[in-house]
Amino acid sequence: MNQDELNGLSNVINPGGAGSTPGIGSALQSMMPLLTIVTILSLAVTILYGFSLVQRWRVNRAIIETRDILKAMQAAQQTPKPSEPPKPVEQPQTSSNGDIAVKDQIAETTLAEPNPEAPSQT
């Protein structure tokens with residue numbers, strides 16, 4: 001690089017005189033408040049996005065846990081409880097002429113005598 005190119009670059013970076021082209025340093029100084037605000041906002045958005053990821057992870061974990069509890073409850077309701085095996089149905093006894101015979105004969109019933117101590121229902 002020759003001396004003229006070096007002088008041109010140094011004038012662009014730090015204008016020493018009243019040149020017509022503004023320098024990078026002066027442009028950065030005028031944009032510094034804007035850059036600070038953008039940096040702070042981007043940090044805030046990044047932190048809030050991290051919080052939303054953590055919240056979403058917790059919600060998904062709770063949903064999966066609730067789903068597992070519901071599956072366990074459904075499985076508990078669907079499994080049959082141990083009980084006695086069903087008894088076979090007894091076949092009715094039939095007589096020689098094809099009529100169904102009564103296994104136990106009806107005992108003769110007698111009318112009980114009225115109780116004199118019982119209140120009458122008249």
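## The surface as a whole

The protein chain exposes about 12,200 Å², and 62% of that comes from carbon and sulfur atoms. Keep in mind that this is a predicted model.

## Helices and strands

The secondary structure is quick to list: the protein chain has 2 helices and 0 strands. One of the helices is α2, which covers residues 24-78.

## A nonpolar patch

Now look for I24, L28, M31, M32 and L35. These residues form a nonpolar patch on the surface, and together they have about 440 Å² of accessible area.

Let's pick out one member, L28, which sits in helix α2. Is L28 buried, partly exposed or exposed? Its relative accessibility is 42%, so L28 counts as partly exposed.

## Rings and a charge

What lies over the face of W57? That's R61, at 4.8 Å from the ring centre.

Technical notes:
Residues numbered from 1 in each chain as written. Predicted model: local features only at pLDDT ≥ 70, side-chain atom pairs only at ≥ 80, totals over all residues. Heavy atoms only, no water. Patch = residues over 30% accessible without salt bridge, like charges linked within 9 Å, V, L, I, M, F, W, Y side chains within 5 Å. Areas by Shrake-Rupley, 256 points an atom, 1.4 Å probe, with all protein chains shown as cover. Salt bridge = Lys/Arg side-chain N within 4 Å of Asp/Glu carboxyl O. Helix = DSSP H or I, 4+ residues; strand = E, 2+ residues; numbered from the N terminus. Buried < 20%, exposed > 50% of the residue type's maximum accessible area, 1.4 Å probe, protein only. Lys NZ or Arg CZ within 6 Å of the ring centre and 35° of its normal.
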